[in-house]
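This report covers a few backbone features and one group of charges. Please look at the sequence and the structure shown next.

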Amino acid sequence: MEKDASFLFGGISFNRKKFARDFDRFKGKNIVDSAEKLQLIEKEDKTFDDSLEKVEFVENEISEMEDETSTSVSKKRKRKEKGTVSDSVEGFSVFKSSKLKKEAASEETDQSVNELIQGKKEYYQQLERDAIFRKMHNIHVSGSNIPSPLHNFAELRSRYKCRSYLLRNLAKLGFKEPTPIQRQTIPVLLSGRECFACAPTGSGKTFAFVFPILMKLKHTSKDGVRAVILSPTRELAAQTTRECKKLARKKFYIRLMTKQLAKSGDFSKLRCDVLISTPLRLKFAIQKRKLDLSRVEFLVLDESDKLFEPGMLEQVDFVVKACTNPSILRSLFSATLPDIVEDRARTIMHDAVRIIIGRKNSASETIEQKLVYVGSEEGKLLALRQSFAESLNPPVLVFVQNKERAKELYDELKLEDIRPDVIHSDLSQIQRENAIDNFRAGKTWVLIATDVVARGMDFKGVNCVINYDFPDAAAAYIHRIGRSGRAGRSGQAITFYTEADIPFLRNIANVITSSGGEVPEWIMSLTKKKWRKHRPKRETISTQPDI
Ligand SMILES: Nc1ncnc2c1ncn2[C@@H]1O[C@H](COP(=O)(O)OP(=O)(O)OP(=O)(O)O)[C@@H](O)[C@H]1O
């Protein structure tokens, strides 16, 4: 059936073809262009200098006002000494009292002017302190009246009266300091603002939205679902549910939207404070199980650029519309946040704060990134075996471009002494969960995967990510390699490329250089290619001769 030419998001209709073209153009857009980078740096430094300038200007203004006030006070004192002001001339009591009143009034005005000056002074000094602190932690913000960033977790109690059980659970997680994205996002969400947050992979975005939600919900309630977190994959939704429960520890009903629950859940009886789901399952539950989202106070779109991709966007739009609470707070999180997503999201958000950590859409700087030319497909298998023989440093994630190739590569490696496993969308839910659990537990050392686990999945201590097949877009590259080098740990990423991938090398090279990596000069001299989804037809992966 011919799809409609346009679709609605946030009540605004978008032309489907134009949206998909714009989206692809983003994928083709060099995530980071050196000239653009330079502009960005200049722009950011300028904003910072402007804000400092503004502070200095206002401080001068304040000191002028102080001078005027002190002069008028000293003049009055002199007049007083000469007895020409307050000592009354007999017989003019009516004037005297009015004069006294005037005196009292002007004393009061001086008092309130002083307080105003003092207040303004403190406000601008706080602005200056915040600007310096943000610069130190690479936090870039835009929007109005942005709350000060957290200096430490203790401020959760001193500034926001955080309940002790949450602080205890936080201590149990072993987090010593808030990460930059948490320092700024937590106060923004606690102050009732909507926000876009873009921070490198592995920088603690999950906690940045889970913690303030639990703080604001305060306690469990029979009022139905009050927070919804959307994830693009079931695996990520399951992982986020686990992270939520670690913090909430039985104080709230945290639910994962499983297939079973979506198909047969009776939500009128089910206690649920926080619901985590993929958009498809949630849309199904709303339509078929009459799930009521009218009391949702928080809607989080995690990996939001993925959720905004054509195909998933309509389901997200359906969920956004079902959350009818007028005071709902929506927030978007991702390591890659293209302008097109921000523009679309702004149509449904109000006065949102923009928080960027480091450079927008860049890879984590803790990952050592390498490009390896392998000539052809046979060369890839050789190179993979060679890198394992040289230094297999498990756990290792190996990404391929589709499930067929994942099965082929697994068949090639399953007899080798590297404890391989495979995960892709043809596996059952149980098989997928087992593959992830075994990898997390160290029972398997090499996990061959499609992009189903490229985003958000937090595998502790993945030392190395190998892009066996070249990623289909710069954003996919950033998210894939971001499975390593998490929470400040170092990681390694090796990307194989063949002749077919050379036209797309420059885009990846820009991401590598913008996160501090080195790339051979000849690659940097390549022309940048307008990037569509780069998934060339590749020969099968097999050492068996074609018969
Ligand atoms: N303040 C903190 N201190 C130390 N570790 C933290 C802190 N916050 C989160 N972490 C840990 O950092 C790791 C990465 O966190 P998380 O998965 O939220 O990253 P992310 O930014 O969402 O990554 P991605 O972009 O890949 O989704 C997790 O293991 C988490 O437990």
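In which loop is Pro 395 found?

## A cis bond

Pro 395 is found in the loop between helix H14 (377–391) and strand E12 (396–399). A cis peptide bond, with omega about 0°, joins Pro 394 and Pro 395. Helices (H or I, at least four residues) and strands (E, at least two) are DSSP runs, numbered from the N terminus.

## Basis of the model

This is a predicted model, in which local features need pLDDT of at least 70 and side-chain atom pairs count only at pLDDT 80 or more, while totals for chains, interfaces and linings use all residues. Residues are numbered from 1 along each chain as its sequence is written, and side-chain values use heavy atoms, with hydrogens and water left out.

## Positive phi values

Most residues other than glycine have a negative phi, and most peptide bonds are trans.

Lys 161 has a positive phi near 50° and lies in the loop between helix H4 (154–158) and helix H5 (164–173). Lys 161 is exposed at 65% relative accessibility. Glu 303 is not a glycine either, and its phi is positive at about 50°. Glu 303 sits in the loop between strand E8 (298–302) and helix H11 (304–307) and is buried, with a relative accessible area of 5%. Buried means under 20% relative accessible area, exposed over 50%, and partly exposed in between (1.4 Å probe, protein chains only).

## Lys 172

Lys 172 is found in helix H5. With 55% relative accessibility, Lys 172 counts as exposed.
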